[in-house]
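Me: I would like to go through this model with you, asking at each step what a given term rests on. Please set each value against its definition before you conclude anything.

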Amino acid sequence: MDQKPIVPSEDPAQLAAFEARIAAGESIEPKDWMPERYRKQLVRMMSQHAHSEIVGMLPEGNWITRAPSLRRKMSLIAKVQDEAGHGLYIYCGTETLGVDRQELVEALLEGRAKYSSIFNYPTLSWADMGVIGWLVDGAAIVNQTVLAKASYGPYARAMVRICKEENFHKRQGLEICNTLANGTPAQKAMLQDAVNRFWWPALMMFGPSDTDSPNSAELLKWRVKRKTNDELRQRFVNLTVPQAIALGITLPDSDLRYNEATSNWEFGEIDWSEFFEVLKGNGPCNRERLAARNKAHDDGAWVREAATAHAAKASTRSIAAA
Amino acid sequence: MSHDPGEPGGLAQAPRPNADAAAAVAGTRSTHVDNPLFEYLLRLGDDRLVLGHRLSEWCGHGPILEEDIALSNMALDLIGHASALLALAGETEGKGRNEDALAYFRDAVEFRNALIVELPKGDFAFTIVRQFLFDAYSVLVLDALSRAANEKVAAIAAKCLKEDKYHLRHSSEWVVRLGDGTAESHTRVQAALDELWRFTGELFDHDAVDEAVAAEGVAVDHAALQSVWQGMVNDVLQRATLRVPQDGAYNRGGRRGRHTEHLGHMLSVMQIVARSHPGASW
Amino acid sequence: MGDATRGMSDSQWPLWEVFTQGNRGEPHEHAGSVHAVDAEHALQNARDVYARRGEAVNLWVVPSVAIVASSPSDAGPFFDPGNDKAYRHPQFYKPPRGVRVF
């Protein structure tokens with residue numbers, strides 16, 4: 001695999017020591033020596049993860065005001081709030097690598113940063129709340145459990161906190177799906193329609209096959225990424241298909257079949273052209289998501305400035321009074 | 001009796017009413033309240049349900065991540081309080097309605113929240129000033145109710161009070177930050193305060209329902225609370241360099257189901273999924 | 001899509017480190033960071049982010065810039081006073097205006 005040449009100024013002895021630490025399973029902490037490329041990859045990966053949590057608040061936030069029971073309303077608010085918290089933990093982790101959150105926020109708002117493609121799809125019915133918890137959080141968990149042992153200390157620690165909360169989200173989602181699956185014919189149809197819309201985008205969350213993914217080899221070597229995209233996707237499918245069977249719904253894939261020899265659920269071809277279009281900004285909601293985040297940020301500017309101004313005034317007063 | 005509709009300039013004579021119809025058409029000026037404790041619990045529960053819903057509209061749209069989390073926290077707390085209060089209301093009514101039946105299947109005219117909580121969320125200044133004015137009232141009322149002779153009410157009030165005190169700390173600090181922040185934030189907060197002031201009177205109204213529940217062990221001295229509230233509010237507004245509005249005229253009606261036009265629209269959104277599938281479980 | 005009127009005064013606020021005490025008698029542990037404009041604000045934000053589900057009985061918040069840290073152990077016994085922050089953050093260092101340190 002092609003790798004970027006080591007920047008000439010990186011000390012080969014330090015690089016060797018660094019790679020030995022990684023191989024030994026040690027944690028890299030913020031003040032440890034690290035190759036500039038490692039730092040850059042981590043900033044990219046962590047900030048993308050944080051951006052995804054923040055943008056992810058929008059498709060689910062869309063149904064808070066319409067949640068059909070007080071218990072579901074509270075659960076959904078708690079879930080979306082958790083996502084804000086996850087974004088916050090990871091942004092803070094990214095800041096330990098030498099970048100201010102303001103820069104990260106600007107990169108997202110100006111369209112220069114990536115976030116998970118799944119959040120560019122609209123949520124069209126209450127059933128989407130169940131399906132997102134089940135499939136989207138389910139996929140995120142498969143991705144994230146391995147990250148809890150990532151080599152970078154602050155990221156790994158944020159992930160432990162996040163995984164605890166994420167498990168509750170997935171269970172909630174499955175519970176909503178179960179209630180719908182055992183409900184009225186209209187509720188069952190609502191659930192099936194939501195699954196039909198989210199199944200393939202959920203599979204795409206794991207990213208293209210690693211042979212097509214430029215960053216994978218390096219990330220695997222540095223223990224920032226632990227498994228390949230295809231391995232994780234297969235693990236997700238194997239976990240999820242039995243759950244679909246238990247729910248009594250179908251998955252929109254006529255090629256889905258169980259392979260006795262490999263114990264894998266084999267699935268059909270993914271239409272990667274849809275994925276790349278969404279990544280380019282041409283998904284159903286890309287513009288709306290960024291517009292919403294920009295509006296919140298712009299509307300909030302006077303608030304942020306006021307808080308800063310107040311603190312400055314208060315501090316001047318207390319210095320004067322001292 | 002002469003009927004002559006054809007006469008130019010003449011009006012047809014109305015038929016003489018029969019005695020039963022005459023007696024039946026005379027209604028009453030005010031609705032009789034059958035179950036005052038049920039009414040009272042609806043007031044407490046609806047205040048928090050509607051306010052919690054308005055706060056939840058900020059999810060994902062807050063001015064900064066930390067504040068998004070804070071607003072959602074308050075929304076969650078308030079809806080939780082509403083849930084407990086409405087559940088008790090349903091029990092008290094004794095007709096088999098639980099908190100969801102009450103929240104999702106009553107029309108606007110059956111809601112008993114004060115008008116102040118149903119107003120649209122506005123900008124962050126409006127939201128925070130409204131929150132502060134309500135929080136200051138709520139901690140006083142819940143504190144009084146936590147000593148109520150009615151044990152169930154007292155227990156719920158005591159539990160909610162802890163969280164409400166935290167809300168008050170949050171909202172009052174923000175009023176100060178914004179009031180004594182920048183010129184823009186000061187202008188926005190003063191405008192919000194001026195707009196909201198006429199909705200504060202209703203919070204301290206004392207009517208036949210309050211009298212009736214006082215007799216049932218749920219007594220709140222609204223007049224006394226109002227002067228404490230005024231003192232707390234004046235303190236914060238002074239620290240915030242804000243002018244206390246002098247409006248004498250107050251808007252009221254929510255406690256009797258006479259709401260602003262905003263509530264109907266809010267409920268259309270809130271209730272649509274539940275109402276589209278009557279009898280379904282979620 | 002950047003707003004040209006976003007001035008230098010608009011920031012995500014200064015950084016604070018949060019330490020939570022799980023139960024009485026236990027030591028405070030580093031939980032993460034929050035952004036806030038002053039100490040009271042930082043305490044409130046820390047409670048909302050790290051303790052809203054009752055995970056802590058007590059919180060400490062410290063401006064990140066106030067934390068003095070030792071060098072990693074493999075740097076030997078020499079503690080470099082110029083490298084005494086817990087991590088490198090733009091707010092702790094003042095680069096010349098216009099220079100991107102990232």
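Me: How many salt bridges does the rule find across the interface of chain B and chain A?

Reply: This is a predicted model, and across the interface of chain B and chain A the rule finds three salt bridges.

Me: Why is the pair B:D180 and A:R317 called a salt bridge?

Reply: The closest N and O atoms of B:D180 and A:R317 are 2.6 Å apart, and the rule asks for a side-chain nitrogen of Lys or Arg within 4 Å of a carboxyl oxygen of Asp or Glu. The pair is therefore counted as a salt bridge.

Me: What makes up the side of chain B that touches chain A, by class?

Reply: That side has 23 nonpolar, 14 polar and ten charged residues, and α3(B) gives the most to it, with eleven residues. The area buried between chain B and chain A is about 3900 Å², with 70% of it on carbon and sulfur atoms; B:L65, B:L76 and B:W282 supply 19% of the area that chain B buries against chain A, more than any other three residues.

Me: Which residues supply 19% of the area that chain A buries against chain C?

Reply: Of the area buried between chain A and chain C, about 3200 Å², carbon and sulfur atoms give 50%. A:K31, A:R161 and A:R304 supply that 19% of the area chain A buries, more than any other three residues, and A:R304 is also the partner of C:D10 in the salt bridge.

Me: How do you know that β1 and β3 of chain C are paired strands?

Reply: Six bridges join β1 (residues 15-21) of chain C to β3(C), and the two run antiparallel; pairing requires at least two bridges, so the two strands count as paired. Within this pairing, C:E17 stands opposite C:V62 in β3(C).

Me: What makes β2 and β3 of chain C edge strands?

Reply: The sheet is open, with its three strands in the order β2-β1-β3, and β2 (29-35) and β3 (58-63) of chain C each pair on one side only. Helix α1 (residues 39-50) of chain C lies across β1, β2 and β3 of chain C, running at about 115° to β2(C).

Technical notes: Residues are numbered from 1 along each chain as its sequence is written. Chains are lettered from A and ligands numbered from 1 in the order in which they are written. This is a predicted model: local features need pLDDT of at least 70, side-chain atom pairs count only at pLDDT 80 or more; totals for chains, interfaces and linings use all residues. Side-chain values use heavy atoms; hydrogens and water are left out. Buried area is the accessible area (1.4 Å probe) that two parts lose on being put together, summed over both. Helices (H or I, at least four residues) and strands (E, at least two) are DSSP runs, numbered from the N terminus. Contact means heavy atoms within 4.5 Å. Axes are lines fitted to C-alpha atoms, for helices over the stretch in contact, and angles run from 0 to 180 degrees between N-to-C directions. Ala, Val, Leu, Ile, Met, Phe, Trp, Tyr, Cys and Pro count as nonpolar, Asp, Glu, Lys and Arg as charged, and the others, Gly among them, as polar.
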